Every structure is written in structure tokens, then in C-alpha cells.
Amino acid sequence: MRYLTAGESHGPGLTVIIEGLPAGMPLRAEDINESLRLRQKGYGRGRRMDIEKDRVQITGGVRHGKTLGSPLALYIENKDFQHWQQIMGTEPIPEETEIKRKVTKPRPGHADLSGGIKYGHRDLRNVLERSSARETAARVAAGAVAKKLLSELGISVGSHVIEIGGVKASSTEWKSVLELEDQANRSPVRCLDPGAEKKMMDAIDQAKKDGDSIGGIVEVVVDGMPPGIGSYVHYDRKLDANIARAVVSINAFKGVEFGLGFEAGRRKGSEVQDEIFWDEERGFYRRTNRLGGFEGGMTTGMPIVVRGVMKPIPTLYRPLKSVDIETKEPFHASVERSDRCAVPSASVVCSHVVSWELAKALTEQFYSDRFEKLKDQITDYRKDAREF
Ligand code: EPS
């Protein structure tokens, strides 16, 4: 399976094309809309989210609630486009027209300057429109389709926020991934620890007062993946590596870890590996999950635990030093409307990009053009693994 997205932040809308989805998989717009709604929520978002009401239009690949095996085409309208029709219109405009909202002052931390140099754009709006995190709405739509495929196979994916602006959630007990997701959905910052939740919201308020922004750490957990998905034989078939790439590809993400993550580098081997046990009822099993569900680029059958770190959003009300690309004069970067903290929303994006990689790996390993056949193959494989 693969997908591409297109669209600018203040252009008419976002488009997604997904290829390689098997035929006969149940899919409704509502499956995708729920994910889009969750991505828009979260304490610390800016005024743009009052404008957008993301809903998907399925414009190809589904008939009567089931996939056809043909490319799946999705469209999400940018409601804000009505305010940008002249600035972001696609038709040519007369040369003498003054271009409003032209950007010549690159913001530190954004793609503005490097993107301008790369593509030769003298109006840096041509860069920021596409590098904007608005594009994550399209990736969540693609991920929601993958999440639906996983749920049909009994695999659940959830996400929560474990740190914002230095405020850490204490480790919380959860019985199932679905319960974790449900609890996270009810928190304004997607945090399971009510004490930390309040402090995180205070930290976001403080950042707003200071004209600053804050980042954080999100965690995605997955239950129900069979063991042996991915591969050890080639770098580009290692599933944990593909997940790592997907997580770091989310706007503003700077790092990723699995299980113990960087802590593993501080421990002895005997305190890091997950010992192997066997009994009649369960087959092979582990009592610990320090490696976060992966060994040798493959799933172990234990829950997948992956974390990503998001830097603070670089658009600040407290301007940072930069240099105008036309005048070469130093200036303090201009103030743009923005979020103060998008970590809760990013946790939703993270669970969806992870879902995509899992669904992709499964459909590659158990390829069938027919969803029912794919399901049967995975059921057989689970049985084999259990009886190994
Ligand atoms: C973003 C800036 C803000 C965010 C936007 C990402 O948009 P605007 O420039 O229109 O105020 O709201 O996020 C979204 C639109 C979204 O749907 O998540 C940026 O510069 O990355």
C-alpha cells in the first residue's frame, strides 16, 4: 500500500490517494471523520481550529460501504480558503497585482529559508503553505483507513500525551488500548494522569502569556499485532525502522524511541532484554516488554510502545532574530497566527502514521486483493505462531 497527499494550508483543500487497499474492506466516511475530529481537538490550539471543521469526502474507491480495490480518493476542504481565495488562487494573476501576505522574512525553526533556497521561491509563502502542519489532516485521513483495516483484524491502536513543557505524567495503569484511547479522548491534553493534565494546561497558558510555545512527548501503543511482522533480512523491511521514519516525518518531531528507548543505553543487557517463556495455553510469551514490541525489525507479539518528541512550535508571538531575504536586513520574525501547543493533536497524528505502517506491513506480508482472504491468511498465521 502507498499513499500520497496534496494541498496547501490555505488552498482549496487536501487530497489523499491510497493505492493497494484490498477489495471488500468495510469503510465509511464516519470512520475517517472521527479521527479528523480528534486531531482538531486539544488544549493550546489556535484560532484556525475554530474555522476548520474537517470532514472527509470519499470521491473514489468505495461503493456501498466497502472498498473496491481501486484507488481510494479522499478530499478534505479547507474552510479557511474562503478568506484566501485571491492570495491562494490557482489561476495566473496580472503581473502588476500586489501580492498580499507575501513572506520574505523566514521564521527560525520553520522550513521557510531552506525551502526557499531549494525551490527558488522569493515568496516564502510558497514554502510555508505546504510545510504547514495542516497537511497532517491528510495523513490522519490515510491513517484512519489503515486503523480501520487493523481494527477489522483485531488490532487496536491508541495514543496519549506523557509530557508537555517539562510536565511529566506519572505512569498510569490501563487495562486495554481501547480503554487508554477512550480515556485520552476525554482529556483536553490527551493525558491519563489528571494531576499532570492540569499542570500541562497551566504550562500552555503560561506559554501563551509569555508569547512562547511548548513541545512534549507522545506515546502510541498497539495491541494485537501477531509476532514476526516486518523482517530482519533488509533495512527497508524492518518495521520498527519504518515506524521511526513515519514518526519523525510528522511536522516538528525530532526523535523517536521504542520501549525503554534511550534508557536502554544506560542499563546492562540483563536489564534490557525480554526473557522468553512457554506454556501450553499461551505458547511462547514474555513477562516484560522493555523492547517495546520489537526484536530484529519484527514484532514480538507484545504490545508495541513507541514514543515521539515534538519540539515547541516555531511560530512565536515573541519574535526571534532572522534576516529578510530581499533587504538582507536583520529583523525580529513577524508574528503569525499559530497554535501555542499542538502536542495533544500530534499524538493523534502519531497513532495514525503508526497505524499506516502496521497496515502496510501486514498487507505486504499477507498479500491478497481480497480483504476476506487477507483476514483468513492472518488467522492461519496467528494459529501457526501460537502452535510454533
Ligand atoms: C500551522 C499554523 C496554523 C495551525 C496549522 C498549522 O495555521 P494558520 O497559519 O492558518 O493559523 O492552525 O494547523 C492546521 C491548520 C491544522 O489543521 O492542524 C503551521 O504553521 O504549521
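**View 1. Ile313, a buried residue in a loop of the predicted model.** Ile313 has 25 other C-beta atoms within 10 Å and is therefore buried, where buried stands for 20 or more other C-beta atoms within 10 Å of a residue's own, exposed for 12 or fewer and partly exposed for values in between, with C-beta atoms placed from the backbone. The loop that holds Ile313 runs between β15 (304-310) and β16 (321-323); helices (H or I, at least four residues) and strands (E, at least two) are DSSP runs, numbered from the N terminus. Leaving aside residues up to four places away in sequence, Ile313 touches Ser213, Ala252, Ser338, Asp339 and Ala342, a contact being two C-beta atoms, placed from the backbone, within 7 Å. This is a predicted model, in which local features need pLDDT of at least 70 and side-chain atom pairs count only at pLDDT 80 or more, while totals for chains, interfaces and linings use all residues. Residues are numbered from 1 along each chain as its sequence is written.

**View 2. Arg130 and the annotated positions.** Arg130 lies in helix α4 (residues 125-131) and, with 18 C-beta neighbours inside 10 Å, counts as partly exposed. Glu8 and Glu135 are touched by Arg130, again not counting residues up to four places away in sequence. The UniProt annotation "binding site", from an unreviewed entry, covers a set of residues including Arg130, Asn251, Lys311, Ile313 and Arg337; UniProt positions follow the numbering used here, feature names are shortened, and annotations may be inferred rather than shown by experiment. The annotated residues span 208 residues in sequence and their farthest two C-alpha atoms are 44.3 Å apart, so they do not all gather at one spot.

View 3. β1 and β2 (residues 13-19) pair over 5 bridges in the antiparallel sense, and Leu4 has Ile17 in β2 as its bridge partner.

**View 4. Packing of helix α1 against helix α9.** Helix α1 (residues 29-40) and helix α9 (residues 343-365) pack at an angle of about 145 degrees, their axes being 7 Å apart. Ser35, Leu38 and Arg39 in α1 meet Ser345, Val348, Val349 and His352 in α9.

Notes: Axes fitted to C-alpha atoms, helices over the stretch in contact; angles between N-to-C directions. Pairing = 2+ DSSP bridges.
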